[in-house]
Amino acid sequence: MRKQHSSSCSSHLFPPSSMMMMMIIILFQVCSAQNLINSTCKTLAGSNPNIDYNFCRTSLQAAPASQCAALQGLGMISIRLIRYNVTDTRCSIKQLLRNKRWDPYTRQCLNDCFDLFSDAIPSVKEAMKSFNAKRFDDANVQITSIMDASTTCEDGFKDRTGVVSPLTKRNDDAFRLSAIALSFMRIIQTRSA
Ligand SMILES: *[C@@H]1O[C@H](CO)[C@@H](O)[C@H](O)[C@H]1NC(C)=O
Ligand SMILES: *[C@@H]1O[C@H](CO)[C@@H](O)[C@H](O)[C@H]1NC(C)=O
């Protein structure tokens, strides 16, 4: 009698419990997508000394829809972040150049950086196209050129003692975001090979 009661009870419970199961599965998928940012950034940071786990995690997490993205999508997001960043940096250099207080050397460096970041914008657009078309070798060259631009820009200021770069953080962000995008492509390429 007792046994029968318990089995009828569990059969009543079946529909709601399967709904619960669905919810758990959905929740798990949401969490595992968030975990993908964490776990991927951990992998990237472990394989590349230029990548900092927290920088990677906070950068990707701040991007719209990154929580739902799979690996390929996160790779694209990482390139899009470079695009926003270098576009904003170019604009900020333009504003800095309006200021008359720069000494001639610093002004020349800023002009050079302006040209470098002006070229970086079409490069990152090309990189997005290459990435979408799975032409990873091309995307690699294009992202590497952005990394080089940030280094060249920063080195200009370093070449003369007493000159302080007003773009250190921005160059550093562009460099580090590019390192992340390059590592993403390496992982995606190895997994699809
Ligand atoms: C991701 O890692 C951060 C700290 O590294 C942690 O606070 C957060 O809860 C983690 N998120 C998930 C979904 O595991
Ligand atoms: C550039 O990237 C850094 C690092 O993710 C971020 O803190 C900064 O807000 C970004 N700037 C823009 C304009 O997207």
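## The crossing of α4 and α5

In this predicted model, helix α4 passes helix α5 in a left-handed crossing. Helix α4 covers residues 104–132 and helix α5 covers residues 136–158, and their axes come within 8 Å while crossing at roughly 165 degrees. Angles over 145 degrees count as roughly antiparallel, and α4 and α5 are therefore roughly antiparallel to each other. Sorted by residue class, the contact of α4 with α5 comprises 14 nonpolar, six polar and four charged residues.

The loop between α4 and α5 holds K134, which has a positive phi of about 60 degrees although it is not a glycine. Most residues other than glycine have a negative phi. With 14 other C-beta atoms within 10 Å, K134 is partly exposed.

## The crossing of α5 and α6

Helix α5 also packs against α6, and here the axes come within 9 Å and cross at roughly 160 degrees, so that α5 and α6 are roughly antiparallel to each other. This crossing of α5 and α6 is left-handed.

On the α5 side the contact is made by F136, A139, N140, I143, I146, M147, S150, T151, C153 and E154, and on the α6 side these residues meet T168, N171, A174, F175, S178, A179, A181, L182, M185 and Q189. By class, the contact of α5 with α6 has 12 nonpolar and seven polar residues, together with one charged residue.

## The chain as a whole

The chain contains six helices and zero strands, and its elements, read along the sequence, follow the pattern α-α-α-α-α-α. Of its 193 residues, 29% count as buried. Among the contacts in the chain with a separation of 6 or more, 65% are accounted for by residues 24 or more positions apart.

I51 lies in the loop between α1, residues 2–47, and α2, residues 53–62. Which residues is I51 in contact with, leaving aside its neighbours within four places in sequence? They are L44, A45, C56, A179, I180 and S183, and one of these, A179, is also among the α6 residues that meet α5. I51 has 20 other C-beta atoms within 10 Å and is therefore buried, since a residue with 20 or more such neighbours is classed in that way. The C-alpha atom of I51 is separated by 8.3 Å from that of C41, a residue 10 positions apart from I51 along the chain.

A65, placed in the loop between α2 and α3, has a phi near 65 degrees, a positive value in a residue other than glycine. Because A65 has 8 C-beta neighbours inside 10 Å, A65 counts as exposed.

The residues around ligand 2 are S59, Y84, N85, D88, D173 and L177. Both α3, residues 71–98, and α6, residues 168–192, supply at least two residues each of this shell, and the largest share, three residues, comes from α3. When the shell around ligand 2 is divided by class, two residues are nonpolar, two are polar and two are charged.

How values were computed
Residues are numbered from 1 along each chain as its sequence is written. Chains are lettered from A and ligands numbered from 1 in the order in which they are written. This is a predicted model: local features need pLDDT of at least 70, side-chain atom pairs count only at pLDDT 80 or more; totals for chains, interfaces and linings use all residues. Axes are lines fitted to C-alpha atoms, for helices over the stretch in contact, and angles run from 0 to 180 degrees between N-to-C directions. Helices (H or I, at least four residues) and strands (E, at least two) are DSSP runs, numbered from the N terminus. Angles under 35 degrees count as roughly parallel, over 145 as roughly antiparallel, 65 to 115 as roughly perpendicular and the rest as oblique. A crossing is left-handed if the near helix is turned anticlockwise from the far one by less than a right angle, and right-handed if clockwise. Ala, Val, Leu, Ile, Met, Phe, Trp, Tyr, Cys and Pro count as nonpolar, Asp, Glu, Lys and Arg as charged, and the others, Gly among them, as polar. A residue is buried if 20 or more other C-beta atoms lie within 10 Å of its own, exposed if 12 or fewer, and partly exposed in between; C-beta atoms are placed from the backbone. Two residues are in contact if their C-beta atoms, placed from the backbone, lie within 7 Å. A residue is near a molecule or strand if its C-beta atom, placed from the backbone, lies within 6 Å of it.
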